[in-house]
Amino acid sequence: MANIVGCEVVSLESYYKSEHVKDFKYDDFSSLDLGLLSKNISDIRNCRRTKVPIFDLETGARSGFKELEVSEECGVVIFEGVYALHPDIRKSLNLWIAVVGGVHSHLLSRVQRDKSRVGCFMSQNEIMTTVFPMFQQYIEPHLVHAHLKIRNDFDPVLSPESSLFVLKSNKQVAYQDILRILDPTKICSSVQNFIDIYLRLPGIPANGQLTESDCIRVRICEGRFALLIREPIREGNYIIQPKVDFDISISTVAGLLNLGYQAVAYIEASAYIYQDGKILIEVDHLQDVPSPYIQIKGVNKEVVAAAGSTLKLDGSYTTKSYLQIVLERLPALERSSSGIHSQQAARLQELVEYIQSQGSSSSSESSPSREISPLDGVIEDMQSRIKRLERWQMINTVLWTFFMSAFVGYSLYQRKRQ
């Protein structure tokens with residue numbers, strides 16, 4: 001939201017009192033410095049500069065202050081935290097937003113994360129018997145007062161159960177060797193040609209090397225579009241890949257571009273996939289990369305490791321993403337001010353123009369043709385634009401909700417593994 005609106009975000013976690021944190025009283029509302037918070041909100045509402053605290057969760061102490069001033073162009077500040085809708089806080093705020101539904105695991109993952117940062121690990125049982133009841137008593141009742149409630153049925157607790165262990169290497173492997181480690185009675189194969197387009201979120205600066213965390217990834221495969229949310233966890237040679245993919249229309253992609261998302265990179269590849277139900281082996285041929293990469297994927301870590309050893313891949317693994325691999329081959333000096341490499345600029349522009357043209361036509365192809373006056377045409381065009389903007393705004397809200405839920409789920413998954 002801050003990237004789109006262009007505003008500051010103040011986290012209520014910054015207002016913890018050091019003496020309460022040392023006693024691990026994270027879930028006590030009185031652990032917040034409400035006096036300082038009220039002063040900061042009052043200063044902001046009266047267009048005065050104010051100093052908001054900086055809290056270091058690793059040391060469990062306040063490390064300083066930073067000066068905050070609301071820009072005249074924006075006029076918005078977001079206060080974020082589990083107690084943001086508490087009566088003592090929300091009375092000073094203008095718009096109250098709550099994400100409701102699911103299993104409230106966004107709260108559980110946050111508490112687990114915070115506890116482990118200061119060296120106190122909480123088991124899932126402790127959370128369910130202590131933290132969750134406090135959530136039900138002191139936080140959940142206030143969510144009903146939100147002006148805007150975003151319904152979230154995505155369950156980030158369950159999604160990691162389908163995560164894959166991945167080993168990736170660019171060592172050459174013979175086709176016959178791949179077939180030998182798969183069950184011949186269950187083996188099946190397929191070929192996919194795809195293009196991954198990376199869209200940078202609005203408000204992300206273009207300085208430095210482009211990373212996947214700055215972008216969302218849209219895949220074009222066999223004429224279909226899909227949004228890929230994959231925040232991998234790297235553990236030694238393994239890429240632990242919780243993944244959420246869902247199909248979207250080309251109009252949705254065009255809407256994202258019109259909302260300010262910028263296409264900054266792309267990857268074209270052909271994937272040769274072999275699987276037998278227990279393990280999946282993918283040989284990826286990336287455009288402009290001389291040698292193919294092989295990925296071994298499976299839900300059982302030991303099976304994946306054994307397959308890699310049988311293929312003699314030990315010692316050749318990499319955890320780099322394909323975006324890193326492709327961008328590292330492009331000269332850094334040929335990057336434009338927007339972060340786009342000159343070698344990719346023309347193809348990116350071609351892809352963007354295709355998406356925008358097809359997205360516009362698909363949204364209007366069902367409109368009947370009739371004779372209209374010039375004034376009617378202007379009015380209809382304006383009405384059409386307003387409807388598209390409303391759809392894009394709704395789509396963007398849904399996507400952001402989904403992203404935040406998924407990322408919180410990945411955080412919980414990582415802590416559970418640790």
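Buried means under 20% relative accessible area, exposed means over 50%, and partly exposed lies in between, computed with a 1.4 Å probe and protein chains only. This is a predicted model, in which local features need pLDDT of at least 70 and side-chain atom pairs count only at pLDDT 80 or more, while totals for chains, interfaces and linings use all residues. Residues are numbered from 1 along each chain as its sequence is written, and side-chain values use heavy atoms, with hydrogens and water left out.

**Overall architecture**

- The protein chain contains 13 helices and 16 strands, where helices (H or I, at least four residues) and strands (E, at least two) are DSSP runs numbered from the N terminus.
- Of the 418 residues in the protein chain, 44% are buried.
- The protein chain exposes about 22,400 Å², of which carbon and sulfur atoms supply 51%; accessible areas come from the Shrake-Rupley method with a 1.4 Å probe, and for residues only the protein chains shown count as cover.
- Among contacts in the protein chain with a separation of 6 or more, 68% are accounted for by residues 24 or more positions apart, a contact being heavy atoms within 4.5 Å.

- Leucine 286 touches Ile267, Glu268, Ala269, Tyr293, Tyr322 and Val326, when residues up to four places away in sequence are not counted.

**Buried positions in helices and strands**

- Helix 9 (residues 250-258) is largely enclosed by the rest of the structure, because seven of its nine residues are buried, namely Ile250, Thr252, Val253, Ala254, Gly255, Leu256 and Leu257; helix 9 is followed by glycine 260, whose phi is positive, near 115°.
- Alanine 307 lies in helix 10 (residues 301-310), is buried with a relative accessible area of 7%, and touches Ile181, Ile279 and Ile296, not counting residues up to four places away in sequence.
- The C-alpha atoms of alanine 307 and isoleucine 296, which are 11 residues apart along the chain, are separated by 7.5 Å.
- Arginine 219, in strand 9 (residues 215-221), is buried with a relative accessible area of 16%, and its side chain makes a polar contact with the side chain of aspartate 196 at 2.7 Å; a polar contact is a pair of N or O atoms within 3.5 Å, where within protein one must be able to donate a hydrogen and the other to accept it, and residues adjacent in sequence count only if both atoms are side-chain atoms.

**Salt bridges**

- The structure holds 13 salt bridges, each defined as a side-chain nitrogen of Lys or Arg within 4 Å of a carboxyl oxygen of Asp or Glu.
- Arginine 49 and glutamate 67 meet through their side chains in a salt bridge (3.4 Å, N to O), which links distant parts of the chain, with arginine 49 in the loop between helix 3 (34-45) and strand 2 (50-56) and glutamate 67 in strand 3 (residues 61-68), 18 residues apart.
- Arginine 49 also forms a salt bridge with glutamate 69, the closest N and O atoms being 2.9 Å apart, and here glutamate 69 is in the loop between strand 3 and strand 4 (77-80), 20 residues from arginine 49.
- Arginine 49 counts as exposed at 55% relative accessibility, and glutamate 67 counts as exposed at 52%.
- Aspartate 177 and arginine 180 form a salt bridge in which the closest N and O atoms are 2.3 Å apart; the two are separated by about one helical turn, because they are three residues apart in helix 8 (residues 175-180).
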